[in-house]
Amino acid sequence: QLQACGGGLVQAGGSLRLSCAPSGRTFSTYAMGWFRQAPGKEREFVATISWSGGITYYADSVKGRFTISRDNAKNTVFLQMTSLKPEDTAVYYCAVGPSPRSESRLYRYWGQGTQVTVSS
């Protein structure tokens with residue numbers, strides 16, 4: 001029901017914009033979050049945004065480099081990633097939850113991930 005796209009291979013210092021759009025239903029009244037999982041590591045929180053877009057939270061590791069936003073008219077959430085680092089390499093997932101929180105267990109719906117690879 002959720003499809004994340006926009007991943008790819010980029011050099012360190014580059015930028016990518018991920019998007020996530022659900023199919024079959026609207027999530028405009030829910031919070032949306034981005035998480036990532038690198039090989040051999042646990043899934044970790046990246047960013048989240050409230051249903052109105054008025055509240056956003058970021059992991060310390062991406063603060064100042066990533067920006068989460070949403071367009072409820074298009075039922076889409078975005079993750080603009082700049083100044084990418086090799087340690088940002090991971091599969092990125094979008095998820096839907098009741099409130100903008102960092103705990104993955106609170107998110108009810110998860111999309112298929114998109115691979116982001118940052119070369120040094």
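A disulfide is a pair of cysteine sulfur atoms within 2.5 Å. Hi everyone, let's keep that in mind as we start. What we have here is a predicted model, where local features need pLDDT of at least 70 and side-chain atom pairs count only at pLDDT 80 or more, while totals for chains, interfaces and linings use all residues. Residues are numbered from 1 along each chain as its sequence is written, and side-chain values use heavy atoms, with hydrogens and water left out.

So, how many disulfides does the structure hold? There is 1, and it joins Cys 20 to Cys 94, with 2.0 Å from S to S. The link is right-handed, with 55° about the S-S bond. It connects distant parts of the chain: Cys 20 is in strand S3 (residues 16-22) and Cys 94 is in strand S9, 74 residues apart. A word on strands: they are DSSP runs of E, at least two residues long, numbered from the N terminus.

Is Cys 20 buried or exposed? Cys 20 is buried, and Cys 94 is buried too. Buried means under 20% relative accessible area, exposed means over 50%, and partly exposed is in between, with a 1.4 Å probe and protein chains only.

Now look at Cys 5. Cys 5 itself is partly exposed, at a relative accessible area of 38%.

Next, the sheet. It is an open sheet of 4 strands in the order S1-S3-S8-S7, with antiparallel pairing. At its edges are strand S1 (2-5) and strand S7 (66-71), each pairing on one side only. From one strand to the next, the twist averages 15°; axes here are lines fitted to C-alpha atoms, and angles run from 0 to 180 degrees between N-to-C directions. Two strands pair if DSSP finds at least two bridges between them. S7 and strand S8 (residues 76-81) have 6 bridges in the antiparallel sense, and the bridge partner of Ser 69 in S8 is Phe 78.

Let's move to Val 96, which sits in strand S9 (residues 90-97). Val 96 is buried, with a relative accessible area of 1%. Leaving out residues up to four places away in sequence, Val 96 touches several residues, among them Leu 2, Phe 27 and Tyr 109. Contact means heavy atoms within 4.5 Å.

Finally, salt bridges. A salt bridge is a side-chain nitrogen of Lys or Arg within 4 Å of a carboxyl oxygen of Asp or Glu. The structure holds 5 salt bridges. In one of them, the side chains of Arg 36 and Asp 88 meet at 2.9 Å, N to O. Arg 36 is in strand S4 (residues 31-37) and Asp 88 is in the loop between S8 and S9, 52 residues apart.

Which residue meets Asp 88 at 2.8 Å, N to O? That is Arg 65, again through a salt bridge. Arg 65 lies in the loop between S6 and S7 and Asp 88 in the loop between S8 and S9, so the pair ties together parts 23 residues apart in sequence. Both Arg 65 and Asp 88 are buried. Through shared partners, salt bridges join Arg 36, Glu 44, Arg 65 and Asp 88 into one network.

Asp 60 counts as exposed, at 66% relative accessibility.
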